[in-house]
Amino acid sequence: LRLNTYYVLEQTLLPYVLAEFPGVDPVVFVQDNSAIHNARHTREWLALHPQLIALDWPTKGADT
């Protein structure tokens, strides 16, 4: 799972964010606290990419 998650973050999320928000640093986005979003390897990856800031959102927030 770890390699797949890193692949998705590196090959999908990061290129998308850089293309959609050129020159914006940092890019702030909202993610819920689901297990995959809050997993250690996801947190580690985000720590290595300071141009991305993930705001925590309850897993079952008011909008669900």
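The model is predicted: local features need pLDDT of at least 70, side-chain atom pairs count only at pLDDT 80 or more, and totals for chains, interfaces and linings use all residues. Residues are numbered from 1 along each chain as its sequence is written, and side-chain values use heavy atoms, with hydrogens and water left out.

**Overall fold**

The chain contains two helices and two strands, where helices (H or I, at least four residues) and strands (E, at least two) are DSSP runs numbered from the N terminus. Along the sequence the pattern is α-β-α-β. Of the 64 residues, 27% are buried; buried means under 20% relative accessible area, exposed over 50%, and partly exposed in between (1.4 Å probe, protein chains only). The accessible surface of the chain is about 4700 Å², and 61% of this belongs to carbon and sulfur atoms. Areas come from the Shrake-Rupley method with a 1.4 Å probe, and for residues only the protein chains shown count as cover. Among contacts (heavy atoms within 4.5 Å) with a separation of 6 or more, 75% are between residues 24 or more positions apart.

**Core**

The largest nonpolar core has nine residues: Tyr 6, Leu 9, Leu 14, Val 17, Val 27, Phe 29, Trp 45, Leu 46 and Leu 52. Helix H1 (2-20), S1 and helix H2 (40-47) each supply at least two residues of this core, and H1 gives the most, with four. Such a core is a set of buried Ala, Val, Leu, Ile, Met, Phe, Trp, Tyr and Cys residues joined through side-chain atoms within 4.5 Å. In soluble globular proteins, nonpolar side chains tend to be buried together.

Thr 5 lies in helix H1 and is buried, with a relative accessible area of 11%.

**Helix H2**

The buried residues of H2 are His 41, Thr 42, Trp 45 and Leu 46. They lie on the same side of H2 because they cover an arc of only 140 degrees around the axis, taken from the directions from the helix axis to the C-beta atoms. Arg 40 and Ala 47 are exposed on the other side of H2.

Arg 40 also forms a salt bridge with Glu 44, with the closest N and O atoms 3.2 Å apart. The rule requires a side-chain nitrogen of Lys or Arg within 4 Å of a carboxyl oxygen of Asp or Glu, and the count comes to one salt bridge. Both partners, Arg 40 and Glu 44, are in H2, four residues apart, about one turn of the helix. Glu 44 is partly exposed at 30% relative accessibility.

**Surface patch and cis bond**

Val 28, Val 30, Ile 53, Leu 55 and Trp 57 form a nonpolar surface patch with about 430 Å² of accessible area together. Patches are made of residues with over 30% relative accessible area and no salt bridge; like charges are joined within 9 Å and nonpolar side chains (Val, Leu, Ile, Met, Phe, Trp, Tyr) within 5 Å. Strands S1 (27-32) and S2 (52-57) each supply at least two patch residues, and the largest share, three residues, comes from S2. Leu 55, in S2, is partly exposed with a relative accessible area of 41%.

The peptide bond from Asp 25 to Pro 26 is cis, with omega near 5 degrees. Pro 26 is in the loop between H1 and S1.
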